[in-house]
Amino acid sequence: NCGAPLELGESQSILTCNYCLSNRQLNAAVEDADGVVSLDHPAGVACPLCRTEMVRAAVDGKRAVYCQGCRGVLIEAPIFAEVTASRRKKYRGPEMVPQLIEPGVLDRVIECPKCSNPMEAHPHYGPGRAVIDSCNRCHLIWLDNSELTSIERTPGRR
């Protein structure tokens, strides 16, 4: 209500303003197909792809960092595992046909927004043909726009 940034509350489903104490239900603010909710609060890091200042965000009520430019998501590895497992278990819609990975996609090198070391591009070893970027040092995963949806909707054991 006052224009201050919203924070993800303890309940993980309510956004709260620390200034005017107003609340907003999280599911009312879904921004894109991956279900990322921007909290419009600077995260203090630049996007590894487009260099846009990233913002705090939530994915299924879990903390993440979001680029409003290219719509990529930076998420901690344990949270990524939890979100993908939960989404795959719940998903009942049509499955996507997996596409072969183009070899050149694995050659991409982006810097980890946290430590600036190169992230490793590799196929997601769960179901799907998404190529994710990970920093083993910081335990962070970078997902390009729609990769989370691709992993969720790929055929396989649920």
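This is a predicted model: local features need pLDDT of at least 70, side-chain atom pairs count only at pLDDT 80 or more; totals for chains, interfaces and linings use all residues.
1. A residue counts as buried when its relative accessible area is under 20%. Leu15 belongs to strand β2, which covers residues 14-17. With a relative accessibility of 0%, Leu15 is therefore buried. Leu15 and Leu39 are 24 residues apart along the chain, and 7.9 Å separates their C-alpha atoms.

2. Seven strands form an open sheet in the order β4-β5-β6-β7-β10-β9-β8, and their pairing is antiparallel. The edges are taken by β4 (36-46) and β8 (120-123); each has a single partner strand, so one side of each has no neighbour in the sheet. From one strand to the next, the twist averages 35 degrees.

3. Strands β6 (residues 62-66) and β7 (residues 73-76) run antiparallel and are joined by two bridges. Val65 has Leu74 in β7 as its bridge partner. Helix α1, residues 77-90, packs on the sheet and touches β5 (53-59), β6, β7, β9 (131-135) and β10 (140-143). The direction of α1 makes about 100 degrees with that of β7.

4. The largest nonpolar core has 17 residues, and Val59, Val73, Ile75, Phe80 and Leu143 have the most contacts inside it. Two or more residues of this core come from each of β5, β6, β7, α1, β10 and α2 (147-153). Another core, of 13 residues, lies apart from the largest one and includes Val45, Met54, Cys67 and Met119.

5. For context, most residues other than glycine have a negative phi. Arg51 sits in the loop between β4 and β5. Its relative accessible area is 53%, so Arg51 is exposed.

6. The loop between β10 and α2 holds Ser146. Is Ser146 buried or partly exposed? Ser146 counts as partly exposed because its relative accessible area is 39%.

Terms used:
Residues are numbered from 1 along each chain as its sequence is written. Side-chain values use heavy atoms; hydrogens and water are left out. Two strands pair if DSSP finds at least two bridges between them. Helices (H or I, at least four residues) and strands (E, at least two) are DSSP runs, numbered from the N terminus. Axes are lines fitted to C-alpha atoms, for helices over the stretch in contact, and angles run from 0 to 180 degrees between N-to-C directions. Contact means heavy atoms within 4.5 Å. Buried means under 20% relative accessible area, exposed over 50%, partly exposed in between (1.4 Å probe, protein chains only). A nonpolar core is a set of buried Ala, Val, Leu, Ile, Met, Phe, Trp, Tyr and Cys residues joined through side-chain atoms within 4.5 Å.
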